[in-house]
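Subject: Structure handover

Hello,

Here is the structure you are taking over.

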Amino acid sequence: MAVLSAVRRKKVAAALMREWSASRDVCPFLKAAVLEAVGDVDDYFEDNQAAMNSAMPASVRSTASIKMKADLYHFVMWAKYGRGPVPKEN
Amino acid sequence: MARTILILTPENARLNEASPPEIKEGGNGHLVLAFDASTVETAIWTAVAPQGLTADMVGEVSYRMASATSGKVDWELSIEAITDDDALDTDTTDSFAAVNAADETVPGTAGYMSQLAITFTNDDSIAAGDMIRIKLERDADDGTDDTAAGDAELLVLEIKDGV
């Protein structure tokens, strides 16, 4: 999968800032740094997607769609940091 | 001596259909217009220029940042003044004067209110009794003068004369 286009990266950065504004997360960095961070994370995923894929069991690796793998990563990350649809543990 | 001639609030703004700031209760009962960090958004108020109007108008933008604690924000005000029998088809055309702008470093704590004065150097030759529209935008695509991340929230806009 190719990296996001420059336009998509800008949209991601804009959406992130709207999210952080809505949740009142403090942003001591400038908006140019948000865009740069989006690009860096996008590049990281691109550079490491093969390794992430290899870490999965063969049954998932060979049959799950890209969307499902993105969901998998997304759900795990959010559960680790207390966000998303997986309920927090009591 | 400076005199307040208009107090323009978020709930009285007409929001641009294509790119409106979000009107919302931004916490603690303050109704705000939240101007995006990435897209230029527009709010417009309609009023009548008061009798006894003098020159040297200034717009005082009272705002806070939703999340930013560093960087700058760039606000722009422009005015359209329409006199009785002006040859302007208001159905199809607007005639805002050139933008008046100012920028500043945002408060070091998100949520703290700051007031930024913008001089109406370009006032469209406003005269008492004119129907006027005042347009406010955040110059979100100015990479030099608008660098703060996240929403800039307008709390209230004061227009003064005699400054």
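The notes below cover the interface and then the aromatic pairs.

This is a predicted model, in which local features need pLDDT of at least 70 and side-chain atom pairs count only at pLDDT 80 or more, while totals for chains, interfaces and linings use all residues. Residues are numbered from 1 along each chain as its sequence is written, chains are lettered from A in the order in which they are written, and side-chain values use heavy atoms, without hydrogens and water.

Interface. Chain B contributes 22 residues to the contact and chain A 15 residues (contact: heavy atoms within 4.5 Å). About 1,300 Å² is buried between the two chains, with 46% of that from carbon and sulfur atoms (accessible area, 1.4 Å probe, lost on being put together, summed over both parts). The rule finds three salt bridges across the interface (Lys or Arg side-chain nitrogen within 4 Å of an Asp or Glu carboxyl oxygen). In one salt bridge, B:Asp36 meets A:Arg18 at 2.6 Å, N to O.

Aromatic pairs. A:Phe45 and A:Tyr73 pair edge-to-face, at 5.0 Å between centres and 80 degrees between planes. Ring pairs also join A:Tyr44 to A:Phe45 and A:Tyr73 in a cluster. A:Phe45 is partly exposed at 31% relative accessibility, and A:Tyr73 is partly exposed at 30%. In chain B, the ring centres of B:Phe35 and B:Trp75 are 5.1 Å apart with planes at 85 degrees, so this pair is edge-to-face. Both B:Phe35 and B:Trp75 are buried (buried: under 20% relative accessible area; exposed: over 50%; partly exposed: in between; 1.4 Å probe, protein chains only).

Regards

Notes. Phe/Tyr/Trp six-rings, centres within 6.5 Å; stacked < 30°, edge-to-face > 60°.
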